[in-house]
Amino acid sequence: MIIKEFKVDRMTVYAHDTRKSMGEQVAKDVGQYLRELLAKKDEVNMIFAAAPSQADFLDSLSKEEGIDWNRINVFHMDEYVGIDIKSEQSFARFVKERVADKLGVGQFFPINGKAEDINAECKRYSELLRKYKTDIVCLGIGENGHIAFNDPGEADFWDENDVKIVTLDETCRNQQVNDKCFETIDDVPKYALTLTVPTLLRGGAMFCTVPAPTKANAVKRTLCGNVDIDCPATALRLHTCSKFYCDKDSAKYVLD
């Protein structure tokens, strides 16, 4: 159940009483948007985040009816440098298993974190994103306010790159341990490939899913702070079709 709905700049925010309710609404909204697009277009192009925060949404999305998934092309927004798609920690593997394979999408385009030439991989993926213009972005935000792997200090709202190599900050790397993706911070790679902020914002619609108490400070900064690169997720407030979903735990500082 929605316990609060409001707007921040151009973005609509929904706070739910439970994480499950939040995930169901995101899936319902994404499903409806997809059905409308598929009635007008032969193909739809989507970008997905790969994180535990997306689990409730993705589970509910798989139950949405009337979506012709084989007309949908899927991308993901980041990958660790040096991580193979066969690795349990691979974001490409996450999206392949939980979206592409499960739903039977038309095409899935993974980022190759083990490419011999990482710069060439950035260029290859950039060209694909330009060819298949993004209709929908399904994302979350990090504990440090990042979107994709655009951490504070790495994010650039006017970045000329579509995809780039970044150095992950300590908060971001610790989050991977908190999410139980790695045992210790020493196990977390220091570098990653990420879609840049302008690349994400080129999407026709943004659906951002942010549950859990560990994200409460980031949610407050995203919704109440200035729009700037110290909290990259604030860029979502500039998009003309952006929706932001949280549960009562992640929204606890903005419910008064």
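A charge sits over a ring if NZ of Lys or CZ of Arg is within 6 Å of the ring centre and within 35 degrees of the ring normal. In this predicted model, the charged end of Lys-220 meets that rule at Tyr-253, 5.8 Å from the ring centre. Lys-4 lies over the face of Phe-6, at 5.0 Å from the centre of the ring.

Some ground rules apply. The model is predicted, with local features needing pLDDT of at least 70 and side-chain atom pairs counting only at pLDDT 80 or more, while totals for chains, interfaces and linings use all residues. Residues are numbered from 1 along each chain as its sequence is written, and side-chain values use heavy atoms, leaving out hydrogens and water.

Now the ring pairs. A pair of aromatic rings is described by the distance of the centres and the angle of the planes. Rings of Phe, Tyr and Trp (its six-membered ring) pair if their centres lie within 6.5 Å; planes under 30 degrees apart are stacked, over 60 edge-to-face, and the rest tilted. The whole structure holds 10 aromatic pairs. In one of them, Phe-75 and Tyr-132 have ring centres 6.2 Å apart and planes at 55°, so the pair is tilted. Phe-75 lies in strand 4 (residues 72-76) and Tyr-132 in the loop between helix 4 (118-131) and strand 7 (136-139), so the pair ties together parts that are 57 residues apart in sequence. Helices (H or I, at least four residues) and strands (E, at least two) are DSSP runs, numbered from the N terminus. Both Phe-75 and Tyr-132 are buried, that is, under 20% relative accessible area with a 1.4 Å probe, protein chains only.

Of its 43 residues, Met-77, Tyr-125, Ile-141, Leu-195, Leu-236 and Phe-244 touch the most other members. Helix 4 gives the largest share, 5 residues. A second, separate core of 41 residues includes Leu-61, Val-95, Val-99 and Ile-136.

Finally, the backbone. Most residues other than glycine have a negative phi. Asp-9 is not a glycine, yet has a positive phi of about 55°. Asp-9 sits in the loop between strand 1 (2-8) and strand 2 (11-16). Ala-212 also has a positive phi, about 90°. Its loop runs between strand 10 (205-210) and helix 7 (216-224). Ala-212 is buried, at 16% relative accessible area.

Conventions:
Buried means under 20% relative accessible area, exposed over 50%, partly exposed in between (1.4 Å probe, protein chains only). A nonpolar core is a set of buried Ala, Val, Leu, Ile, Met, Phe, Trp, Tyr and Cys residues joined through side-chain atoms within 4.5 Å.
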